[in-house]
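Open the model in your viewer and keep the selection tool at hand. This tour goes stop by stop.

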Amino acid sequence: MSQQEKEFELTIIVPVFNEEDNMQRVKEEFTAYFASSKYASKVLFVNDGSSDGSQKMIEDICNNSDRFSYLELNKNHGLSAAIKAGFDNTTTPFVGYIDSDLQTTPFDFDLLMEHRNEFALVTGVRQNRKDSFVKNMSSKIANGFRRYMTKDTAEDTGCPLKIMKTDYAKKMPFFTGMHRFIPALIMLQEGEIKQIPVRHFPRIAGEAKYHLFNRLVGPFKDCFAYRWMKKRYINYEIISRN
């Protein structure tokens, strides 16, 4: 690990899929955040097979600042794969992520970072959500069913503002849809979670990638996959080695 990497404490993963209309805002928002935050952090874009001009904009951003870097996936694999690729390529002690639609703000990472040493995962809980009635209702139903199935206690597992200890993040078993179960996957490792209220904003550019079907049917199926995995999960700790 280089000296420059050691100076950063947090890597913030920003998954990107056809978000060219948002990329300039992402750059400006993070540049302002870096200037004001007391925590040394950097951004890792993960381009999940965008077919618009997102990659060109990502490269321009990264070429002009060492606070930004990127991974480009060969095709669209989905949000879980993009997040896992980010986790796999993180070298800092802590890792977080935020959606590129900026319905949450990177400035609230400072609220989460205050608790980083005491908890394996610190996750946001969106306050006064600025989504449509259908989106809010489908999230409420999915969250309720997920809590019943997983017992993970997370109020808003879909909140796209989280930080966690990188060691825990790298050990999470990931497959499609598992980004919705990050609190439960952390608890499988006997890690503790902390929930913090964060701000929420309306989407002002680009298009949402999720609709009623994939916000409800997919998560319901994934709950059963999680229950199967939970019964067979292997969790161990090495206490000595030569």
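**Stop 1**

Select R126 and D156. Their side chains meet in a salt bridge, 2.7 Å from N to O. R126 sits in strand β5, and D156 sits in the loop between α6 (133-150) and β6 (161-165), so the pair ties together parts that are 30 residues apart in sequence. Are these two buried or exposed? Both R126 and D156 are buried. Keep in mind that you are looking at a predicted model.

**Stop 2: the whole protein**

Zoom out and colour by secondary structure. The protein has 9 helices and 7 strands. Of its 242 residues, 48% are buried. Now think about contacts between residues at least 6 apart in sequence: 82% of them join residues at least 24 apart.

**Stop 3**

How many salt bridges does the structure hold? The count is 5. Side chains of opposite charge can pair when their charged atoms come close.

Select R116 and E9. They form a salt bridge, and the closest N and O atoms are 2.6 Å apart. This pair links distant parts of the chain, 107 residues apart. R116 is in the loop between α5 (109-113) and β5 (121-126), while E9 is in the loop between α1 (3-7) and β1 (10-16). R116 counts as buried because its relative accessibility is 15%, and the cut-off for buried is under 20%.

Next, select K84 and D88. Here the salt bridge spans 3.0 Å, N to O. Both residues lie in helix α4 (residues 79-88), 4 residues apart, or about one turn of the helix. An α-helix has 3.6 residues a turn, so residues three or four places apart point the same way. K84 is partly exposed, at 33% relative accessibility. D88 is partly exposed too, with a relative accessible area of 42%.

**Stop 4: the rest of α4**

Stay on α4 and show its side chains. Which of its residues are buried? They are L79, S80, A82, I83, A85, G86 and F87. Now show what surrounds α4. Its buried residues pack against strands β1, β2, β3 (68-72), β4 (94-98) and β6, and against helix α7 (166-171).

**Stop 5: S41 in β2**

Move to S41. This residue is in strand β2 (residues 41-47). S41 is buried, with a relative accessible area of 1%. What does S41 touch, leaving aside its neighbours within four places in sequence? Select F8, L10, I12, Y33, F34 and R67: S41 is in contact with each of these.

**Stop 6: T123 in β5**

Go back to strand β5 and pick T123. T123 is buried, at 2% relative accessible area. Not counting residues up to four places away in sequence, T123 touches L112, L161, K162, K194, Q195 and I196. The C-alpha atoms of T123 and V198 are 9.1 Å apart, although 75 residues separate the two along the chain.

**Stop 7: a charged patch**

R232 counts as partly exposed, at 49% relative accessibility; exposed would need over 50%.

**Stop 8: a nonpolar patch**

Finish with I234, Y236 and I238. They form a nonpolar patch on the surface, and together they have about 380 Å² of accessible area.

Take I234 by itself. I234 is in the segment after α9. I234 counts as exposed, at 65% relative accessibility. I234 and L188 are 46 residues apart in sequence, yet 9.0 Å apart in space, C-alpha to C-alpha.

Last, select Y236. Y236 is also in the segment after α9. Is Y236 buried or exposed? With a relative accessible area of 61%, Y236 is exposed.

How values were computed. Residues numbered from 1 in each chain as written. Predicted model: local features only at pLDDT ≥ 70, side-chain atom pairs only at ≥ 80, totals over all residues. Heavy atoms only, no water. Buried < 20%, exposed > 50% of the residue type's maximum accessible area, 1.4 Å probe, protein only. Helix = DSSP H or I, 4+ residues; strand = E, 2+ residues; numbered from the N terminus. Contact = heavy atoms within 4.5 Å. Patch = residues over 30% accessible without salt bridge, like charges linked within 9 Å, V, L, I, M, F, W, Y side chains within 5 Å. Areas by Shrake-Rupley, 256 points an atom, 1.4 Å probe, with all protein chains shown as cover. Salt bridge = Lys/Arg side-chain N within 4 Å of Asp/Glu carboxyl O.
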